[in-house]
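Welcome, and please get your viewer ready.

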Amino acid sequence: MDALNIAAITFFILVWIAIEPLMALGWPRPNDSLSVDMVRVRSAWMRETLTRDNNFIGDAAILGHTINSASFFGSANLIVIVGLSGALFMEPNYGNGNGLIAMFAAKDPAWLFQTKVLLIIATLLRGLSDFIWAVRQLNYCLAAIGASPSRQEERDITAWTEALTMVLNPALRSFSVGVRSYYFTVAAAFWFLGPIPLTLATVFGVGLLIWRQSWSDTAKGILAIRRLLD
C-alpha cells in the first residue's frame with residue numbers, strides 16, 4: 001500500500017475511534033450540544049414518567065417504537081454485511097472488472113479491493129453491535145420503568161429519576177452511535193475512488209455530524225427545551 005493510502009486510512013481510523021468519546025463530552029460545544037442537552041431532557045422525561053397518571057402506557061409505546069427502529073437498522077446492517085461478505089468471499093476479484101468503480105478509479109490489486117470492502121463491513125459491524133446493545137438496554141429500561149413504584153406508594157422521586165435515567169441514557173446513546181456509524185460507512189465507500197476521496201468524505205461526514213449535533217435547528221430547539229427545564 002502506498003503512503004497516500006496509508007495516510008488516508010490512518011486518518012479515517014483515528015477519526016472513527018475519537019469521534020464518539022468527543023461527542024459524549026459534547027465537543028465542540030460541551031454545554032450546548034445535543035448529546036449533553038438530551039441527558040437533561042431524558043432525566044425530565046423519567047421524572048414525568050414517575051409522576052403522570054397514565055400507567056406508563058405512553059412511555060412504553062415510545063420506547064417500543066425506539067426498539068423497533070433499532071431492530072430495523074440492525075437488520076438492515078446485517079443484510080448489507082451478508083451481501084458484502086458474499087461479494088468478498090465468493091467473488092474476490094469482482095471489483096476489478098469493468099463495473100462502475102472501474103470507470104472512476106484505477107484498478108486495484110485483489111487484496112487492496114478486499115481491504116476496502118472489509119473497511120465498509122467493519123463500520124457496519126460497529127453499527128450492528130450498537131443497535132443490538134441498544135435493543136437489550138431498552139428492554140432493561142422498560143422493565144425498570146415497570147418496576148418503579150406507583151404514586152400511592154412511598155418513594156423517593158429524585159432517586160428513582162436518577163436510577164431510571166442511568167438506564168435510559170446509555171441505551172439511547174448506543175442507538176445514536178449506531179446511527180452515526182452510517183456516516184463512516186459512506187466515507188469508507190469513497191475509498192474505492194482513492195485515498196483523497198476517502199479523506200475528503202471523512203472530513204465532510206464528520207463536519208456534517210458536528211454541525212447537526214451543535215448548530216442545526218434541532219440542536220437549537222433541544223437547547224431551548226433544556227433551558228426551560230432548567
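Start by selecting residues 6–25, 72–90, 110–128 and 182–211, which the UniProt annotation "transmembrane region" covers in an unreviewed entry. UniProt positions are given here in the numbering used in this tour, feature names are shortened, and annotations may be inferred rather than shown by experiment.

Before moving on, two notes on the model. It is predicted: local features need pLDDT of at least 70 and side-chain atom pairs count only at pLDDT 80 or more, while totals for chains, interfaces and linings use all residues. Residues are numbered from 1 along each chain as its sequence is written, and side-chain values use heavy atoms, leaving out hydrogens and water.

Switch to 182–211: here the chain is 83% helix and 0% strand, and the end C-alpha atoms are 16 Å apart.

Zoom out and colour by secondary structure. The protein chain has 8 helices and 0 strands (DSSP runs, H or I of at least four residues for helices and E of at least two for strands, numbered from the N terminus). Its C-alpha trace spans about 70 × 35 × 25 Å along the principal axes.

Next, show side chains for Phe 12, Ile 19, Val 117, Leu 119, Phe 184, Trp 191 and Val 206. Within the largest nonpolar core, which has 27 residues, these touch the most other members. Such a core is a set of buried Ala, Val, Leu, Ile, Met, Phe, Trp, Tyr and Cys residues joined through side-chain atoms within 4.5 Å; buried means under 20% relative accessible area, exposed over 50%, and partly exposed in between, with a 1.4 Å probe and protein chains only. Helix 1 (3–24), helix 3 (57–89), helix 5 (110–147), helix 6 (157–189) and helix 7 (195–214) each give two or more residues to this core. Helix 5 supplies the largest share, 8 residues. Apart from this core lies another, of 20 residues, including Trp 45, Ala 70, Phe 131 and Leu 138.

Centre on Trp 191. What does Trp 191 touch, not counting residues up to four places away in sequence? The list is Met 1, Asn 5, Ile 9, Leu 112, Thr 115, Lys 116, Leu 119 and Leu 198, where contact means heavy atoms within 4.5 Å.

For the last stop, select Arg 226 in helix 8 (residues 217–229). Is Arg 226 buried or exposed? Arg 226 counts as buried because its relative accessible area is 16%. Leaving aside residues up to four places away in sequence, Arg 226 touches Asn 31, Asp 32, Asp 37 and Arg 40.
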